[in-house]
Amino acid sequence: MERVNNERGSAIVLVVAALVALLGFAALTIDVGILYINHQRLSNATDAAALAAVQVLNSNPTDVTAAENTARDYAIKNGLQSDEVSVAVYGSEKRIKIDTSRQVDFFLAPILGLSNTKVCAEAQARVGAVEEVYGVVPLGVRRDEFNYGEEYLLHYDSHGGKQGNFGGLAMPGGTGKNWYRDNLSTGYAGWLQIGQEIWTEPGVGSGPTEQGLGPRFDGHEGCTLENHEKNCPRLVACPIIDSDEDLKGRTLVEIVGFATFFLKEEPDHGEIVGYFVETLISSGAQGIDGNDFGLRAAKLVK
């Protein structure tokens with residue numbers, strides 16, 4: 001009888017030990033999952049707040065208060081509390097750093113003596129001039145000190161070009177009037193980057209130019225510099241080329257940056273005039289360490 005009681009006692013001990021181990025594994029599984037979910041939510045909210053706030057610095061690098069308020073507003077909209085958010089703004093660098101943290105209570109781990117822990121996330125975002133752009137138009141604009149809202153000649157009229165160069169570029173993959181016209185209409189379906197050399201496209205005058213840009217005005221005749229949609233087709237990205245010499249025939253030129261212009265009106269005898277604008281591009285751009293000609297992107301850098 002004593003032996004039976006001993007065996008029962010041993011069995012109870014084993015069952016209790018197994019139950020404790022089982023609860024430990026359950027606590028590990030469930031509470032680690034809770035930590036993971038909270039960390040993901042925290043990270044997503046922190047990233048979103050950083051990207052939103054840094055865009056304020058693009059338009060006004062000195063407005064530190066507005067950037068910080070934007071960061072906090074976005075964090076709160078994404079489920080954080082104000083006291084869970086710490087913001088540092090570096091206006092001269094157009095950079096913002098956000099640290100977030102929250103106390104997460106465990107579900108089963110208190111059985112093991114663990115009640116809660118802190119979950120943290122960090123994000124840094126910066127605005128910088130793009131290094132590569134997708135979808136530019138084939139207009140090589142000479143390097144200049146561009147000023148917002150001023151008019152710039154993007155393509156000469158049929159009498160203004162020298163040595164047949166009116167301002168057109170031959171996008172990689174083809175040459176000729178049809179290729180030039182199509183790329184004016186829809187943008188080049190490829191990437192161009194700073195430092196890349198590209199050929200000019202001489203001989204393309206008013207016809208292909210007017211045919212290519214005409215569709216960009218269809219339905220957008222009423223758009224203006226001050227009042228146009230973000231993705232208005234009259235807003236075009238152009239390569240900035242480095243060439244102080246008169247171009248003669250088909251010439252190889254170097255891309256030194258990218259700029260955005262709002263097309264003033266439909267081409268007249270091939271002449272294209274655009275207003276210079278500073279633009280923050282959300283897609284179709286890579287890199288943020290290019291030469292700054294006003295076309296910029298906001299990127300997470302950490």
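Visitor: How many of the six residues of strand β12 (residues 272-277) are buried?

Guide: Please keep in mind that this is a predicted model. Burial is judged by relative accessible area, and a residue under 20% counts as buried. In strand β12, six of the six residues are buried, so the strand is largely enclosed by the rest of the structure.

Visitor: With which strands does β12 pair, and in what sense?

Guide: The general idea is that strands of a sheet pair through backbone hydrogen bonds, either parallel or antiparallel. Here β12 pairs with strand β6 (residues 151-155) in the antiparallel sense over four bridges. Strand β11 (residues 252-263) also runs antiparallel to β12 and is joined to it by four bridges.

Visitor: What is the strand order in the open sheet of three strands?

Guide: The order is β8-β4-β14, and the pairing is antiparallel. The edge strands, β8 (191-193) and β14 (285-286), each pair on one side only. Strand β4 (residues 132-134) pairs with β8 over three bridges in the antiparallel sense, and Val133 stands opposite Leu192 in β8.

Visitor: Let us turn to aromatic rings. How many aromatic pairs does a search of the whole structure find?

Guide: The search finds eight aromatic pairs. One of them joins Phe146 and Phe261 edge-to-face, with 5.6 Å centre to centre and 80° between the planes. Phe146 lies in the loop between β5 (141-142) and β6, whereas Phe261 lies in strand β11, so this pair ties together parts that are 115 residues apart in sequence.

Visitor: Are Phe146 and Phe261 buried or exposed?

Guide: Phe146 counts as buried at 13% relative accessibility. Phe261 is buried as well, with a relative accessible area of 0%. The ring of Phe261 also pairs with that of Tyr152: the centres are 6.2 Å apart and the planes stand at 65°, so the pair is edge-to-face. This pair links distant parts of the chain, with Tyr152 in strand β6 and Phe261 in strand β11, 109 residues apart. Tyr152 counts as buried at 12% relative accessibility.

Visitor: Which residues form one aromatic cluster with Phe146, Tyr152 and Phe261?

Guide: The cluster also contains Phe276 and Phe293.

Visitor: Where does the charged end of Lys77 sit?

Guide: The charged end of Lys77 sits over the ring of Tyr74, 5.5 Å from its centre. A further case is Arg95, which lies over the face of Tyr90 at 4.0 Å from the ring centre.

Visitor: How many salt bridges does a search of the whole structure find?

Guide: Side chains of opposite charge can pair when their charged atoms come close. In this model the search finds 11 salt bridges. Among them is the one between Asp242 and Arg143, whose closest N and O atoms are 3.7 Å apart. It links distant parts of the chain: Asp242 is in strand β10 (residues 235-242) and Arg143 in the loop between β5 and β6, 99 residues apart. Asp242 counts as partly exposed at 36% relative accessibility, and Arg143 counts as partly exposed at 45%.

Visitor: Which side chain meets Arg250 in a salt bridge?

Guide: The partner is Glu201, at 2.9 Å from N to O. Arg250 lies in the loop between β10 and β11 and Glu201 in the loop between β9 (197-200) and α4, so the pair ties together parts that are 49 residues apart in sequence. Arg250 is partly exposed, with a relative accessible area of 39%, whereas Glu201 is buried, at 3%. Elsewhere, Glu278, Asp292 and Arg296 are linked in a network of salt bridges.

Technical notes: Residues are numbered from 1 along each chain as its sequence is written. This is a predicted model: local features need pLDDT of at least 70, side-chain atom pairs count only at pLDDT 80 or more; totals for chains, interfaces and linings use all residues. Side-chain values use heavy atoms; hydrogens and water are left out. Two strands pair if DSSP finds at least two bridges between them. Helices (H or I, at least four residues) and strands (E, at least two) are DSSP runs, numbered from the N terminus. Buried means under 20% relative accessible area, exposed over 50%, partly exposed in between (1.4 Å probe, protein chains only). Rings of Phe, Tyr and Trp (its six-membered ring) pair if their centres lie within 6.5 Å; planes under 30 degrees apart count as stacked, over 60 as edge-to-face and the rest as tilted. A charge sits over a ring if NZ of Lys or CZ of Arg is within 6 Å of the ring centre and within 35 degrees of the ring normal. A salt bridge is a side-chain nitrogen of Lys or Arg within 4 Å of a carboxyl oxygen of Asp or Glu.
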